[in-house]
Structure formats: C-alpha cells, structure tokens
Amino acid sequence: SDMSLSRRKILTLGAASIVVIAGGYALVHRPYPADTTPEGAYMRLAKSVTENDPKAFFAYLETEAQWACYTLHEMRKKARDLVTASYPEPQRSDLANQYAPFADAPDGSDVFAHLYRERNWARRLRKDLSGINRVDIEGDRASIVTVGGTRWPFRRRDNGIWGITVFTAELLADAEKATRDLAVVEAAAKDYDRVKSG
C-alpha cells in the first residue's frame, strides 16, 4: 500500500541522514595523527595556539628549546637568591622583581608560557596555521608546508615526538644571557658581601 511505501521512504531518509550526521561528526572529532608524526605534532600545536594554551604547546617545542626554558628558570632563580641575600637597595628589589617570573616558574613550561604571552608569539603563529599542504621529511627534520604557503620547521626529539624549532634560537639566547647575568651577579654579590663584612 501507499502507506508502507512512504513509511519505508521516511525510514530510508532517516537512516541516510543519520549516516551523514555520524560521518560529519567523525570528520570533526576524528583523532589526530600520532604526535610521533610531524602532522600530529603540528595539529596539536595549532590546537594549543587556538585555545591560547602555551603550556600544552611546550611538549611540541624541540628539545633544545625546552632545555633553554629550564636553564632560564635555574639561572634566574640562582641570581635572584644571590641578589636577595647580598645586594643593597634599590638594586635588590629591581633585580628580584625582574627575575621573579622566571625564578618563580614551577616548570620550564611556565617559563615558556610567560615568554609566549609577553612577546606575543601567538601573533607570529596565527598568521598561518592553515591546513597541511605537504610534509617534507629529511632524517630528524621535517617541514610542514601549509595551504597558505608557510613552512613550519620541526625536529624529531629523542622520545619520537616532533617539536617546532621557530623559537629555539631566541630561547637559547635568553638562556645564555641568563647564564652570563648569573656570573655578573655572583661577582657583585661577593663584592657586596666583602664590603659588609669588612
């Protein structure tokens, strides 16, 4: 009868629309490729930038950049401790405040998050986090080339996760400066202590 035909049509249409909706959901919510692939690392990095979560981003920096953040924390903490113990005012307060964001950071990822926000690194990244056009891999190095034409360089870390390299030079320079500053602070602290005890 006509009734059963239209009911069959409705059921068929209903089933087809469920398939389409499920397919769309799967596309949007499909799991990322593993972060042991450049694509997977890039997609997680893009998600961290979009969600303004630089601490999550830290896992997708290359190893040298991560070490630089830990070094920056250690050097600034040692320097601040010496300044607080030995320097006269107003240098004591000035330097202690200047070093505080790094010295007080619980972790290297907090150091990175501070610099990321302070230097507005999100702006640099947001210029082009478009889809992946192609991936060029050569040994432990890879480039993600976006649909927008930007080339993002990555390096494979010892744990197999790929880390972006765009901040490494700047972070290493920061860590080296903090190390040099510590040597200056140590020498000055000795002089101030000598004057106090003399």
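How many residues lie between β2 and β3 in their hairpin, and which glycine in the turn has a positive phi? The hairpin has 4 residues between the two strands, and G149 in the turn has a positive phi of about 95°.

## Basis of the model

This is a predicted model, in which local features need pLDDT of at least 70 and side-chain atom pairs count only at pLDDT 80 or more, while totals for chains, interfaces and linings use all residues. Residues are numbered from 1 along each chain as its sequence is written, and side-chain values use heavy atoms, with hydrogens and water left out.

Helices (H or I, at least four residues) and strands (E, at least two) are DSSP runs, numbered from the N terminus.

## The antiparallel sheet

An open sheet is formed by 4 strands in the order β1-β2-β3-β4, with antiparallel pairing; two strands pair if DSSP finds at least two bridges between them. The edge strands, each pairing on one side only, are β1 (132-138) and β4 (162-164). On average, neighbouring strands of this sheet are turned by 30° against each other, direction ignored. In general, strands of a sheet pair through backbone hydrogen bonds, either parallel or antiparallel.

Strands β1 and β2 run antiparallel and are joined by 6 bridges; I132 has T146 in β2 as its bridge partner. Strand β2 (residues 141-146) pairs with strand β3 (residues 151-156) in the antiparallel sense over 5 bridges. Within this pairing, A142 has F154 as its bridge partner in β3, and R141 stands opposite R155 in β3. Strands β3 and β4 also run antiparallel, joined by 3 bridges. Here F154 stands opposite I164 in β4.

## Hairpins and their turns

Strands β1 and β2 form a hairpin with 2 residues between them, and G139 in the turn has a positive phi of about 65°. A further hairpin, formed by β3 and β4, has 5 residues between the strands; G160 in the turn has a positive phi of about 90°.

What does G139 contact beyond its neighbours within four places in sequence? The contacts of G139 are R156 and W162, where contact means heavy atoms within 4.5 Å. G139 and R156 are 17 residues apart in sequence, and their C-alpha atoms are 8.5 Å apart in space.

## Packing around helix α4

The axes of helix α4 (residues 63-86) and helix α8 (residues 168-197) come within 8 Å and cross at roughly 15°. Axes are lines fitted to C-alpha atoms, for helices over the stretch in contact, and angles run from 0 to 180 degrees between N-to-C directions. Helices α4 and α8 are therefore roughly parallel to each other; angles under 35 degrees count as roughly parallel, over 145 as roughly antiparallel, 65 to 115 as roughly perpendicular and the rest as oblique. The crossing of α4 and α8 is left-handed, a term that applies if the near helix is turned anticlockwise from the far one by less than a right angle, with right-handed used if clockwise. The contact of α4 with α8 has 17 nonpolar, 4 polar and 9 charged residues. In these classes, Ala, Val, Leu, Ile, Met, Phe, Trp, Tyr, Cys and Pro count as nonpolar, Asp, Glu, Lys and Arg as charged, and the others, Gly among them, as polar.

Helix α4 also packs against helix α5 (residues 91-103), at an angle of about 155° and with the axes 8 Å apart. Helices α4 and α5 are therefore roughly antiparallel to each other, and α4 passes α5 in a left-handed crossing. Residues L72, H73, R76, K77, A79, R80, V83 and T84 in α4 meet Q91, R92, L95, A96, Y99, A100, F102 and A103 in α5. By class, this contact of α4 with α5 has 9 nonpolar, 3 polar and 4 charged residues.

## Salt bridges

The structure holds 17 salt bridges, each defined as a side-chain nitrogen of Lys or Arg within 4 Å of a carboxyl oxygen of Asp or Glu. One of them links K77 with D81, the closest N and O atoms being 3.9 Å apart. K77 and D81 are separated by about one helical turn, because they are 4 residues apart in helix α4.

## Backbone exceptions in loops

Most residues other than glycine have a negative phi, and most peptide bonds are trans. E89 and P90 are joined by a cis peptide bond, with omega about 0°; P90 lies in the loop between α4 and α5. N52, a residue other than glycine, has a positive phi near 50° and is found in the loop between α2 (38-50) and α3 (54-57).
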